[in-house]
Amino acid sequence: MAVAEKLENAPTERKANPIKSFITGGFGGICNVLSGHPLDTIKVRLQTMPRPAPGEKPLYSGTFDCAAKTIRQEGVRGLYRGMSAPLTGVAPIFAMCFAGYAVGKRLQQRGEDAKLTYSQIFVAGSFSGLFSTFIMAPGERIKVLLQTQGTGPNGEKKYSGMIDCGKKLYKEGGLRSVFKGSCATMLRDLPANGLYFLVYEYIQDVAKAQSKTGEINTASTIFAGGAAGMAYWILGMPADVLKSRLQSAPEGTYKHGVRSVFKDLIVKDGPLALYRGVTPIMIRAFPANAACFFGIELANKFFNYFTPNF
């Protein structure tokens, strides 16, 4: 039987469980951060490095130069700078993201065992971006500031850590300062999350159709998760660059938010700047998201074994 025919006749799936997805998503998020943070730091530093003066060399010539300079000047710990913010927030962020995906699926499922179309999966994935943005935006704001402090010409380090950064942001500009970049985060996550879940589900469906048992295996989970992560960043990278620049800039730099960042970047650096930092993020995307979905499937197996009716 052809793969396409097998996909059409694929077995139905149980109705999505937001509570279960909340728990397994949190575990998967921790796996994601632990495996991918060093390359995320390099990505952010490349995206936010100061624009060189005429005739002056850029601060970093590329991914490996950035990594080498960071390790030489700050040690290996420099690559993990700012990890406390995503690690502390990653469980609720990924939990909310996967719970939002489950809610988005559940709203579209007409029966207990109804299987969604791929367009419905994209909508459900985009819906998850709404859930996670309100937690992710302040966490990413703090992470970006911690990752980029000390990289400028004066090497000033304003924040001693995640809590100190959050307190100072609130003191300087209230919740508006803490949540700076929320629209840019949503601009990234709504379409990119939709593609993320679509690619993962499609590859897993193909793997199931080709499997003799009709079950997914570890190899397909790792490949599908990694491919989903790469698809997410191919679509979401431009908005992420705008978000990083907006969140790391001093107050008043961009008066109209993400629109001002976009205009300034295109005029001064050109369209290719929208994919600045793409090398480290693509190197990171596959293993980090493979680890994420592997952790989620592991947690699902745990629940299915010990609490089959959950």
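Asp 164 and Lys 168 sit four residues apart in helix α6 (residues 162-178), about one turn of the helix. Their side chains meet in a salt bridge, 3.3 Å from N to O. Asp 164 is partly exposed, at 22% relative accessibility, and Lys 168 is partly exposed too, at 30%. Keep in mind that this is a predicted model.

Salt bridges that share partners also build a network, which joins Asp 40, Lys 43, Glu 140, Lys 143, Arg 188, Asp 189, Asp 240 and Lys 243. Within it, let's pick out Arg 188 and Glu 140, which are both buried.

| Salt bridge | Closest N and O atoms |
|---|---|
| Glu 74 and Arg 81 | 3.1 Å |
| Arg 188 and Glu 140 | 3.3 Å |

Now for the nonpolar side of things. The largest nonpolar core has 38 residues, and the members touching the most others are Phe 98, Tyr 196, Phe 197, Trp 233 and Phe 293. Two or more residues each come from α4 (84-108), α5 (118-148), α7 (182-210), α8 (218-248), α9 (258-269) and α10 (278-306). Helix α8 gives the largest share, nine residues. In general, nonpolar side chains tend to be buried together in soluble globular proteins.

What is Phe 293 in contact with, leaving aside its neighbours within four places in sequence? The list runs to Phe 98, Tyr 196, Phe 197, Tyr 200, Thr 221, Gly 225 and Ala 228.

Aromatic rings pair up here as well, with a count of 12 pairs. Take Tyr 101 and Phe 197: their ring centres are 3.9 Å apart and their planes are at 10 degrees, so they are stacked. Since Tyr 101 lies in helix α4 and Phe 197 in helix α7, this pair ties together parts that are 96 residues apart in sequence. Tyr 101 is buried at 6% relative accessibility, and Phe 197 is buried at 1%.

Tyr 196 and Phe 293 make a tilted pair, 5.3 Å centre to centre with 45 degrees between the planes. Helix α7 holds Tyr 196 and helix α10 holds Phe 293, 97 residues apart. Both residues are buried. Ring pairs link Phe 94, Phe 98, Tyr 101, Tyr 196, Phe 197, Tyr 200, Tyr 232, Trp 233 and Phe 293 into a cluster.

Note on methods. Residues numbered from 1 in each chain as written. Predicted model: local features only at pLDDT ≥ 70, side-chain atom pairs only at ≥ 80, totals over all residues. Heavy atoms only, no water. Core = buried A, V, L, I, M, F, W, Y, C linked by side-chain atoms within 4.5 Å. Buried < 20%, exposed > 50% of the residue type's maximum accessible area, 1.4 Å probe, protein only. Contact = heavy atoms within 4.5 Å. Phe/Tyr/Trp six-rings, centres within 6.5 Å; stacked < 30°, edge-to-face > 60°. Salt bridge = Lys/Arg side-chain N within 4 Å of Asp/Glu carboxyl O.
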